[in-house]
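User: Please take a close look at one part of this model: the pairing of charged side chains. Keep it brisk and give the cut-offs.

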Amino acid sequence: MDLGTVMPLATLAVGTVRQWLKQASEGAAKKSGEALVDWLRKRIAGDERREQAVAALIASPENEHAVHSVARVIDELVSSDPSAYQELQALMAGTVNVTQTAGANAIQIGQVRGDVAFGNR
């Protein structure tokens with residue numbers, strides 16, 4: 001396991017869940033969000049602290065504290081259990097973070113899943 005990719009992977013996973021919770025996703029992104037929440041609930045079952053963190057994110061996907069808390073929960077899971085890391089990698093396969101900067105004050109961050117084409121086709 002490459003520990004340098006654990007937190008970015010956890011952050012990407014939380015972003016996918018957040019988009020799904022905000023009902024801004026469709027198709028493959030919707031399936032990813034549902035699958036991630038199911039995976040996370042199974043992995044944290046019985047751990048009250050972690051269950052509360054996920055419940056807070058589900059209740060309020062705009063809450064930055066909840067987002068960071070769940071990213072830490074995922075980070076803890078995959079850092080301590082290689083099988084959890086592999087499962088999360090499989091769930092996140094094909095999802096890419098995109099950061100676009102236009103000038104000093106305009107930064108756009110998002111996620112891409114599936115095929116992407118730029119320019120004329």
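Analyst: Start with the fold. Of the contacts in the protein with a separation of 6 or more, 55% join residues 24 or more positions apart (contact: heavy atoms within 4.5 Å). This is a predicted model, where local features need pLDDT of at least 70, side-chain atom pairs need 80 or more, and totals for chains, interfaces and linings use all residues. Numbering runs from 1 along each chain as its sequence is written, and side-chain values use heavy atoms, without hydrogens or water.

The protein has five helices and two strands (DSSP runs, H or I of at least four residues and E of at least two, numbered from the N terminus). The order from the N terminus is α-α-α-α-α-β-β. Of the 121 residues, 31% are buried (under 20% relative accessible area; exposed is over 50%, partly exposed in between; 1.4 Å probe, protein chains only).

Now the pairs. There are five salt bridges (Lys or Arg side-chain nitrogen within 4 Å of an Asp or Glu carboxyl oxygen). Arg43 pairs with Asp81, with 2.7 Å between the closest N and O atoms. That bridge links distant parts of the chain: Arg43 is in helix 2 (residues 27-44), and Asp81 is in the loop between helix 4 (64-80) and helix 5, 38 residues apart. Arg43 also meets Glu87 in a salt bridge, at 3.0 Å from N to O. Here helix 2 is tied to helix 5, because Arg43 lies in the former and Glu87 in the latter, 44 residues apart in sequence. Arg43 is partly exposed at 25%. Asp81 is partly exposed at 22%, and Glu87 is partly exposed at 33%.

Helix 5 (residues 82-92) has Ala84, Tyr85, Leu88 and Met92 as its buried residues. Gln86 and Ala90 are exposed on the other side of helix 5.

Next, Arg50, in helix 3 (residues 48-59). Arg50 is buried, at 16% relative accessible area. Leaving out residues up to four places away in sequence, Arg50 touches Ile44, Val73, Glu76 and Leu77. Arg50 and Glu76 form a salt bridge, with the closest N and O atoms 3.1 Å apart. That pair links helix 3 to helix 4 across 26 residues. Glu76 is partly exposed at 28%. Shared partners join Asp47, Arg49, Arg50 and Glu76 into one salt-bridge network.

Finally, confidence. Mean pLDDT is 75 (the predictor's confidence in each residue, from 0 to 100).
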